[in-house]
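Please consult the sequence and structure below.

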Amino acid sequence: MPVAPCFDPTTGASGGATPGGGGSPLGNLNLRTIDPSSWATTDPDTLLKDVSHAAGVTSFTFNTLGAGSAVYTLGSATQNFPRRYTDLQADNGDGTFTTLTTDDNILLYLRVSDYTTAFASRLFVAVAVDPTSTTASTQLGYGIFMYQPTGTPGDGLWDVSSTQQNTNVNTDSANGVLNFSLTRAVGLTSFSLTGADILLNLRQRTLSDTLPGSTNLKLVVGVATNTGTTTIADNDVVSGKLEYQAFKLNL
Amino acid sequence: MSNYHCDYQQVRESGVTVEDTDGTKIDTEGFIIPIIIPLSEVGELLANYDPASGTSPGVTYSRPLSRAILDALRRKVEE
């Protein structure tokens, strides 16, 4: 005999729990603002001088990079650009979090806004398998970025060691939707929005990469250079608001 | 009529850093144009392509492929 729900354990209302568990309001959900100031760091060549966070905006302060190199770009097979990372977690809506792994079905929303930069940078939010690795095919990073090669800002997507990007003078934010199935990266859509959240550019990339099983995924933020010739002056700052929301789905 | 087609709604102008078929890293600005080659055409197309020959593929195959690409490019540029 089936058990009939009699009251919502959260609100006490009759009829059982609200669909979805009665936790976070999925119909009106805010993004989670990222504060990476105390996260673990991968910075093989000590480019980062400081990472700070205030009023929702994260600032990366740099040491001098006198000679650019492809290894500081997102498109390189070797990836020495500085990044910070932590376990990727989904909010359970009750003050607890679930760490997401490569064995989960996951949907993610990624966003970069309020971007300012002192050099031709690419400020990104991403998910990676092993952000400690400087080998792109081991790091396995997937994400979105804002960039400003000259005076015009733009946005793009990052798929392991490939990128697609566009500039547009009205670019206000970079946004992305990324999904994973069991031990697979599935797809990444990225798009730019104006300050009024009107769509500008978009691009999609099928991934279908095989990932190692039973591995905690990492939320990664960092700064790459726009090209292999980009240089950085001492105390140059790149800043932006970095946000995400993650959903673990039981299929 | 050519059997080669373009998924026109997916044509994009974009900066790209990607890997070419031979593994070469490509870093450029360009148009991404997805071309559809029917499975029924693949055998004949590859049988008549010699990558070692500078004159291959012959016009019977290269022209319809080129036209599918160029029709998409022209429409996109003129939009």
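Predicted model: local features only at pLDDT ≥ 70, side-chain atom pairs only at ≥ 80, totals over all residues.

Residues are numbered from 1 along each chain as its sequence is written, chains are lettered from A and ligands numbered from 1 in the order in which they are written, and side-chain values use heavy atoms, with hydrogens and water left out.

**Interface between chain A and chain B**

- Contact, meaning heavy atoms within 4.5 Å, involves 11 residues of chain B and 10 residues of chain A.
- The buried area is about 770 Å², with 31% of it given by carbon and sulfur atoms; buried area is the accessible area (1.4 Å probe) that two parts lose on being put together, summed over both.
- B:Arg12, B:Thr17 and B:Lys25 account for 45% of the area that chain B buries against chain A, more than any other three residues.
- Seven residue pairs are in polar contact between chain B and chain A, both residues being at pLDDT 80 or more. A polar contact is a pair of N or O atoms within 3.5 Å; within protein, one must be able to donate a hydrogen and the other to accept it, and residues adjacent in sequence count only if both atoms are side-chain atoms.
- Strand 2 (12-19) and strand 3 (25-32) of chain B are the elements that give two or more residues to the side of chain B that touches chain A; strands (E, at least two residues) are DSSP runs, numbered from the N terminus.
- Strand 2 of chain B gives the most to this side, with eight residues.

**Strand pairing across the interface**

- Strand 12 (residues 162-167) of chain A and strand 2 of chain B run antiparallel and are joined by three bridges; two strands pair if DSSP finds at least two bridges between them.
- Within this topic, A:Thr163 stands opposite B:Thr17 in strand 2 of chain B.
- A:Gln165 also belongs to strand 12 of chain A, and it is buried at a relative accessible area of 4%. Buried means under 20% relative accessible area, exposed over 50%, and partly exposed in between (1.4 Å probe, protein chains only).
- Beyond its neighbours within four places in sequence, A:Gln165 has contacts that include B:Ser14, B:Gly15 and B:Val16.
- The side chain of A:Gln165 makes a polar contact of 3.4 Å with that of A:Arg122.

**Salt bridges**

- Over all chains there are 11 salt bridges, each being a side-chain nitrogen of Lys or Arg within 4 Å of a carboxyl oxygen of Asp or Glu; the count between chain B and chain A is zero.
- A:Lys49 and A:Asp234 form a salt bridge, with their closest N and O atoms 2.7 Å apart. The two residues are 185 residues apart, A:Lys49 in strand 3 (residues 48-54) of chain A and A:Asp234 in the loop between strand 16 (218-225) and strand 17 (237-249).
- A:Asp197 forms a salt bridge with A:Arg111 at 3.8 Å between the closest N and O atoms. A:Asp197 is partly exposed at 45% relative accessibility, whereas A:Arg111 is buried at 15%.
- A:Arg111 and A:Asp197 belong to a network of salt bridges with A:Lys241 and A:Glu243.
- In chain B, the side chains of B:Glu79 and B:Lys76 meet in a salt bridge of 3.5 Å, N to O; B:Glu79 is exposed at 61% and B:Lys76 partly exposed at 22%.

Conventions:
Helix = DSSP H or I, 4+ residues; strand = E, 2+ residues; numbered from the N terminus.
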